[in-house]
Amino acid sequence: MIRPEFRRILLDQRGAAVILWSCFMISIPIYLVISRSVLTNPDVGTNPSIAEPARIIFWFLAVVDLGYYAYWRKHHLTAEAILRDPKTTKLFRALEEFTGALEERAAYVVSTYVTRKIVLFAIIEAIAVYGFVLAFLGRFISDQYLLSALSIVLLVIEFPSEKSLEPLVHTVERSANAS
């Protein structure tokens, strides 16, 4: 059985994921504000010979990132994938105070979950960055709005809720009780 105080530490890692999620989420409006202020300069982003090819490339990259997001989510963020081999992830310092094999496994599972969520946030963030670059290079403001909105929607979907972390900890406990 996981000690109540260690369980609290495990579940508190969701707070760290929420803070990082918030940073990724806040950066998107910052990109919008920066591009709006940069685009007041009429000399920025006015070279169509660079802008159109860049637009094609960045939209291609956005589609690739969407595919990678789906792949990553399906193969690395399911409960089965996280529980399969959690020791491949570095253990968070806050979780090093485990006692026994059960708490160690739970600590690694939580570390794996949070780490993989952060990777997913970064994949989503890249889509918003592509929009920022498109606005900057070619004044493709509508592209930036569209890619930023897509990133915001995906980040909202990927919000690290309590419902996603607590079942992982319960599964670790149940698997230990079944042994």
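Mentor: Start with T78, which is partly exposed at a relative accessible area of 26% (buried is under 20%, exposed over 50%, partly exposed in between; 1.4 Å probe, protein chains only). This is a predicted model: local features need pLDDT of at least 70, side-chain atom pairs need 80 or more, and totals for chains, interfaces and linings use all residues. Numbering runs from 1 along each chain as its sequence is written, and side-chain values use heavy atoms, without hydrogens or water.

T78 sits in the loop between helix 2 (48-76) and helix 3 (79-84) (helices are DSSP runs of H or I, at least four residues, numbered from the N terminus). F98 is 20 residues away from T78 along the chain, and their C-alpha atoms are 24 Å apart.

Now helix 4, residues 100-138, which holds S111. S111 is buried because its relative accessibility is 0%. Beyond four places in sequence, S111 is in contact with T89, K90, L91, F92 and L95 (heavy atoms within 4.5 Å).

Helix 4 also meets helix 6. L102, R105, A106, V109, V110 and Y113 of helix 4 face S164, L165, L168, V169, V172, E173 and A176 of helix 6 in this contact. The axes come within 10 Å and cross at roughly 150 degrees, so helix 4 and helix 6 are roughly antiparallel (over 145 degrees).

One caution on helix 6, residues 162-178: its mean pLDDT of 86 is the lowest in the chain, while helix 5, residues 141-157, has the highest, 97 (pLDDT is the predictor's confidence per residue, 0 to 100). The chain mean is 91, and 97% of residues reach 70 or more.

Methods
Helices (H or I, at least four residues) and strands (E, at least two) are DSSP runs, numbered from the N terminus. Axes are lines fitted to C-alpha atoms, for helices over the stretch in contact, and angles run from 0 to 180 degrees between N-to-C directions. Angles under 35 degrees count as roughly parallel, over 145 as roughly antiparallel, 65 to 115 as roughly perpendicular and the rest as oblique.
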